[in-house]
Amino acid sequence: MSSPEKAYSSVFPEASVKTLRQIIEKSRRAGIVTHYDADGDAIGSSLALYHYLKAKELPEIRVFTPNPYPAFLQWLPGHEVVFLYEDDKELTGRYLSSCDLLVFVDFNTLPRLKKMMSVFENHPAFKVLIDHHPEPDIKANLVFSDTRPSSTSELIFYLISKLGDGRLIDKPTAENLFTGIMTDTGCFSFNSSQPATWHAVGQLLQCGIDKNRIFSLVYENYSDSRMRLMGYCLNEKMKIIPEYHAAYISLTLQEQEQFNFIPGDSEGFVNLPFSIAGIQFTAFFIEKNDHIKISLRSKGKIPVNRIAKEHFKGGGHQNAAGGESELPMPAAIEKFISLLPQYENWLQ
Ligand code: 5GP
Ligand code: MN
């Protein structure tokens, strides 16, 4: 039996770990940066890193995200140090410009930061990338990237252990890491078949976290209008294309207004059609002010990241990806439907 402690050892070459240790010791001002529309793993892994760097006595550390993140994450320990670029570009830009250490967390390409990416052009700081998406194209001094871990949070658990600082994972750090793993695995339903993931979770439970409380804060904390919106989506907006084992849901701005939509309210909607026997390919279209945001999910071999990249200016993982379209809603949906025949042979 292989030891879970050795998991992902190829991601952590001794020389890189040593360099990171030295950099953490000498850095004075750190910026932890995560992606647009941050999710539980983005915020959880960023805040876990924040707590770790604080325990390492790095003098100044802040977390940055381009835009608002869901209310169901706004209890995570340390959430008050998350700054939104959109809120004050001048102030956040000034802090970030003066950082000597930048850590990019849970994304593989700078355009995932949208307009915030301009802050990092020719930035002289030492840059570290920690991520679990395929084909990272961010130029960083150190890259800790692998697609095997369930989440960036799991990768950070092993990185801290590898740095020899496992004992510094205290309860607040563990709560953030657990939330990241729990949300990126859909509550341990996907991306979670590896013993290493469960080993990490076991260790986090030993830090005294209350798993039931975290579950409740994340999944049992929605408004009634969100539940009604879900019912509306299922009853009136879900379309099924049986011949291609596909289903999709769309939501216009007007419908969002009707249900008092706030960021995070459509979390998980893209997965709902998978409860139907035979569905292997799903899409969720949500209208934003100037574009349609598209989420794609698949089972098995259908490479939704390729589809997102080739047709919707996006990317992601093989079975979970996203992108966007400038087309009006009906045309964006039409485009998705027109792609389905190409993937008929990929169905299981
Ligand atoms: P979601 O559908 O939950 O927004 O995102 C699912 C996955 O697709 C995530 O792993 C995310 O990183 C990726 N993703 C979502 N939107 C985009 C996008 O616009 N560009 C890229 N490159 N990846 C995206
Ligand atoms: Mn993630």
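Helix axes are lines fitted to C-alpha atoms, over the stretch in contact, and the angle between two of them runs from 0 to 180 degrees between N-to-C directions. Helices (H or I, at least four residues) and strands (E, at least two) are DSSP runs, numbered from the N terminus. The model described here is predicted, so local features need pLDDT of at least 70 and side-chain atom pairs count only at pLDDT 80 or more, while totals for chains, interfaces and linings use all residues. Residues are numbered from 1 along each chain as its sequence is written, chains are lettered from A and ligands numbered from 1 in the order in which they are written, and side-chain values use heavy atoms, with hydrogens and water left out.

Start with helix α4. Its axis and that of helix α6 (residues 195-205) are 10 Å apart, and the two helices pack at an angle of about 70 degrees. That makes α4 roughly perpendicular to α6, a label for angles of 65 to 115 degrees. In this contact (heavy atoms within 4.5 Å), α4 supplies Glu-154, Phe-157 and Tyr-158, and the residues from α6 include Ala-196, His-199 and Leu-204.

Helix α4 (residues 152-162) also meets helix α5 (residues 171-184), where the axes come within 7 Å and cross at roughly 140 degrees. That makes α4 oblique to α5; oblique covers the angles left over once those under 35 degrees (roughly parallel), over 145 (roughly antiparallel) and 65 to 115 are set aside. Ser-153, Glu-154, Ile-156 and Phe-157 of α4 touch Asn-176, Leu-177, Gly-180 and Ile-181 of α5.

Leu-204 also belongs to the largest nonpolar core, which has 58 residues, and is among those with the most contacts inside it, as are Phe-12 and Val-128. A nonpolar core is a set of buried Ala, Val, Leu, Ile, Met, Phe, Trp, Tyr and Cys residues joined through side-chain atoms within 4.5 Å. Buried means under 20% relative accessible area (1.4 Å probe, protein chains only). Helix α2 (residues 40-55) gives the largest share of this core, 8 residues. Another core, of 24 residues, lies apart from it and includes Tyr-244 and Phe-336.

Asp-106 and His-132 are both buried.

Conventions:
Buried < 20%, exposed > 50% of the residue type's maximum accessible area, 1.4 Å probe, protein only.
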